[in-house]
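Have a look at the fold first, then read on.

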Amino acid sequence: MTITLYHFPSACSRVTMHALEELGLEYDDYCVNIMQGAQRSAEYLSINPHGKVPALDLDGKLMTENAAILWTLHRHFGGNKLFSTAPDDAIASHDYRADLSWCSGTMHPMVRQVRMPMRFTTGEQDGVRADGTIKLTEEYGQIAARIGDGWWYGESWSIIDTYIYWGCSTASKGGFALDRFPALIAHGERVRARPAFQRVLAREQAALDREGITGVAL
């Protein structure tokens, strides 16, 4: 089986990369330089017409959208490494798919409002960022209360934890005051300490070095 991940270091594609590492899969990675607009190039649009990362080529089958990719990887490769507590039954496992949809459809846009408000307006950006900050503050308060000193699902790490960490770290880079939520800071440190995530960081750095890209905080 051949697997190619189209990604950019520190973008949300790192959630998919972490999933591949946790699953122990061999894959190639192709860095799409979104800082220079490579996601809108004819070459990349021929691969992913949506012009976004991540995109995952799994034996010729192109997959897009983080939430869908992550659930497909979970179901196809088995072992419950991404969701150790998820049941096989479609109805019983609904909450796990709902959590993925919440990450991508609710939390993710709020993070983007804070980090990249220009993507939501052609005019004044401060109001967009302020709105995202208000929403994230409420959302992160609820997340911190649920996680405490553990994981999203209690004692078991899941790929949801990585998605949450990505959101927190990205919002922080956009000026969001994450220090109001020490539980989320500690949670992020636990995510980053996982051996598979350390491999992600090394692979992302290698991609940056390979492409000669600087100024990206990992």
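## Sheet and helix packing

Strand β3 (residues 55-58) and β4 run antiparallel and are joined by 4 bridges; helices (H or I, at least four residues) and strands (E, at least two) are DSSP runs, numbered from the N terminus. Ala55 sits opposite Thr64 in β4. A quick note on the source: this is a predicted model, where local features need pLDDT of at least 70, side-chain atom pairs count only at pLDDT 80 or more, and totals for chains, interfaces and linings use all residues. Residues are numbered from 1 along each chain as its sequence is written, and side-chain values use heavy atoms, with hydrogens and water left out.

Zooming out, the open sheet has 4 strands in the order β2-β1-β3-β4, with mixed pairing (two strands pair if DSSP finds at least two bridges between them). β2 (28-31) and β4 (61-64) are the edge strands, each with a single partner, so one side of each has no neighbour in the sheet. On average, neighbouring strands of this sheet are turned by 20° against each other, direction ignored.

Helix α1 (residues 13-23) lies across β1 (3-7), β2 and β3, at about 155° to β1, while α3 lies across β1, β3 and β4, at about 125° to β4. Contact here means heavy atoms within 4.5 Å. Axes are lines fitted to C-alpha atoms, for helices over the stretch in contact, and angles run from 0 to 180 degrees between N-to-C directions.

Now for the helix pairs:

| Helix pair | Axes and angle |
|---|---|
| α1 and α8 (residues 195-211) | 9 Å apart, about 125° |

Where α3 meets α4, Ala67, Leu70 and Trp71 touch Tyr96, Arg97, Leu100 and Ser104. By class, that contact has 5 nonpolar, 1 polar and 1 charged residues (Ala, Val, Leu, Ile, Met, Phe, Trp, Tyr, Cys and Pro count as nonpolar, Asp, Glu, Lys and Arg as charged, and the others, Gly among them, as polar). The contact of α1 with α8 involves residues including Arg14 and Glu21 of α1 and Arg203 of α8; its residues divide into 5 nonpolar, 1 polar and 6 charged.
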